[in-house]
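Welcome, and thanks for taking a look at this one. Please open the structure below and keep it at hand while you go through the notes.

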Amino acid sequence: QVQLVESGGGLVQAGGSLRLSCAASGNIFRVNAMGWYRQAPGKQRELVAIISRGETTNYADSVKGRFTISRDNAKNTVYLQMNSLKPEDTAVYYCKHEVLTRDWRNVDYWGKGTLVTVSS
């Protein structure tokens, strides 16, 4: 089994910054892509940013230029630096790790989510 632990959410004023972290532990041989998703009230979960093991990144248009995704492979951790936050960024943020386990299975694991609230 693999556990993902997220941290860094909270309440911030518009224009402010937050940094999210998501660390994985457990039955991991290698983590391939890592990503951040978010779900606002009444809306579907959407991709925010994704980073490959080779550190190729892709962002939702709504966050380009404001958010930066990065990773530390030695720690199986993904980060999301969020700057110039807007009220519409308010959501529960989830991380996802695409894991190759030690018994050679490819499994997607999700964090439990961390709430980001941006006040106007």
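Predicted model: local features only at pLDDT ≥ 70, side-chain atom pairs only at ≥ 80, totals over all residues.

Strands here are DSSP runs of E with at least two residues, numbered from the N terminus. The notes below go from the disulfide to a few single residues.

**The disulfide**
- A disulfide is a covalent bond between the sulfur atoms of two cysteines.
- The cut-off used here is 2.5 Å between the sulfur atoms, and by this rule the count comes to one disulfide.
- Its partners are cysteine 22 and cysteine 95, with sulfur atoms 2.0 Å apart.
- Cysteine 22 belongs to strand S3 (residues 18-26) and cysteine 95 to strand S9 (residues 91-100), so the bond ties together parts that are 73 residues apart in sequence.
- The torsion about the S-S bond is about 50°, so this disulfide is right-handed.
- Cysteine 22 and cysteine 95 are both buried.

**Serine 21, in strand S3**
- Strand S3 also holds serine 21.
- Serine 21 has a relative accessible area of 17%, so it counts as buried, the limit being under 20%.
- Beyond residues up to four places away in sequence, serine 21 touches Val5, Glu6, Ser7, Trp36, Val78 and Tyr79.

- Is glutamate 98 buried or partly exposed? Its relative accessibility is 26%, so glutamate 98 counts as partly exposed, a class that runs between the 20% and 50% limits.
- Setting aside neighbours within four places in sequence, glutamate 98 is in contact with Arg30, Val31, Asn32, Ala33, Val107 and Asp108.
- Glutamate 98 and glutamine 1 are 97 residues apart along the chain, and their C-alpha atoms are separated by 13 Å.

**Positive phi in two loops**
- Glutamate 55 has a phi near 70°, a positive value in a residue other than glycine.
- Where does glutamate 55 sit? Its place is in the loop between strand S5 (46-51) and strand S6 (57-59).
- Asparagine 76 also has a positive phi, near 50°, and is likewise a residue other than glycine.
- The loop that holds asparagine 76 runs between strand S7 (67-72) and strand S8 (77-82).
- With 18% relative accessibility, asparagine 76 falls under the 20% limit, so it counts as buried.

Definitions and conventions:
Residues numbered from 1 in each chain as written. Heavy atoms only, no water. Helix = DSSP H or I, 4+ residues; strand = E, 2+ residues; numbered from the N terminus. Buried < 20%, exposed > 50% of the residue type's maximum accessible area, 1.4 Å probe, protein only. Contact = heavy atoms within 4.5 Å.
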